[in-house]
Amino acid sequence: MPMLVDTVSLCGAILFIIGAATAMAWALTQSGFSRDLAAAMTGLPGGGATFLAVSILAFVVLGSVLEGIPAIVLFGPLLFPAARALGLHDVHYAMVVILAMGIGLFAPPLGLGFYAACAIGRVAPEAAMGRVWPYLAAVLAALVIVALVPWLSIGFL
């Protein structure tokens, strides 16, 4: 019985987090934010490099407030054609987007994945805060390398 209660409470916490992220995704869709963001990003000067840099920043922020699948469903159909039109390969752009959202997902204080991982591991977020920064630094370094060297993501295609 105690194991069942623990399982249900953990599932409830995780489903609450996912439900809140889905509600946020719905609100962003209804407000027209995703269309406005795509229009603003395609009109930036500097071509593909500026678009990629702004995409990284946007997906880090979106990854911290949305769950991964709603973010991709909302912004993928809008930003992937713009990236293709600016000369970015689809697979390269996808790798950059996934890494950027991974940073946002685990970045305190808003990262939903960080709080879900703390709930699963039964660790207070304050106790885990110091240990998440080396992980985020490693993912950020990987993101910069993959963004600057497209061959790493498309070299074997």
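Analyst: A residue is called buried when its relative accessible area is under 20%, exposed when it is over 50%, and partly exposed in between (1.4 Å probe, protein chains only). With that rule, Ser-64 counts as buried, at 10% relative accessibility.

This is a predicted model: local features need pLDDT of at least 70, side-chain atom pairs count only at pLDDT 80 or more, and totals for chains, interfaces and linings use all residues. Residues are numbered from 1 along each chain as its sequence is written, and side-chain values use heavy atoms, with hydrogens and water left out.

Ser-64 sits in helix α3, residues 47-65. Helices here are DSSP runs of H or I with at least four residues, strands are runs of E with at least two, and both are numbered from the N terminus. The side chain of Ser-64 reaches back to the backbone oxygen of Val-61, at 2.7 Å. That is a polar contact: a pair of N or O atoms within 3.5 Å; within protein, one must be able to donate a hydrogen and the other to accept it, and residues adjacent in sequence count only if both atoms are side-chain atoms.

What does Ser-64 touch beyond its neighbours within four places in sequence? It is in contact with Gly-104, Leu-105, Leu-110, Gly-111 and Leu-112. Contact means heavy atoms within 4.5 Å.

Follow Leu-112 into α6. Leu-112 is buried there, along with Gly-113, Phe-114, Ala-116 and Cys-118.

Now the rings. The whole structure holds five aromatic pairs. One of them joins Phe-114 and Tyr-115, edge-to-face, with 5.3 Å between centres and 70° between planes. The rule takes rings of Phe, Tyr and Trp (its six-membered ring) with centres within 6.5 Å; planes under 30 degrees apart are stacked, over 60 edge-to-face, and the rest tilted. Phe-114 is buried, at 3%. Tyr-115 is partly exposed, at 29%. Elsewhere, ring pairs link Phe-51, Phe-80 and Tyr-93 into a cluster.

After α6 comes Arg-122, with a positive phi near 55°. Arg-122 is exposed, at 60%. Arg-122 also forms a salt bridge with Asp-6, the closest N and O atoms being 3.7 Å apart. The two residues belong to distant parts of the chain, 116 residues apart: Asp-6 is in helix α1 (2-31), and Arg-122 is in the loop between α6 (112-121) and α7 (125-148). Asp-6 is partly exposed, at 35%. A salt bridge needs a side-chain nitrogen of Lys or Arg within 4 Å of a carboxyl oxygen of Asp or Glu. The count by this rule is two. Arg-84 and Asp-90 form a salt bridge too, at 3.0 Å between the closest N and O atoms. Arg-84 is partly exposed, at 48%, and so is Asp-90, at 31%.

One last stop is Leu-78, in helix α4 (68-85). Leu-78 is partly exposed, at 31%. Setting aside residues up to four places away in sequence, Leu-78 touches Ser-34, Arg-35 and Ala-38. Helix α2 (33-42) has Ser-34, Leu-37, Ala-38 and Met-41 as its buried residues. Down the axis of α2 they fall within an arc of 95°, so they line one face of the helix. That arc is taken from the directions from the helix axis to the C-beta atoms. The face turned away carries the exposed Arg-35, Asp-36 and Ala-39.
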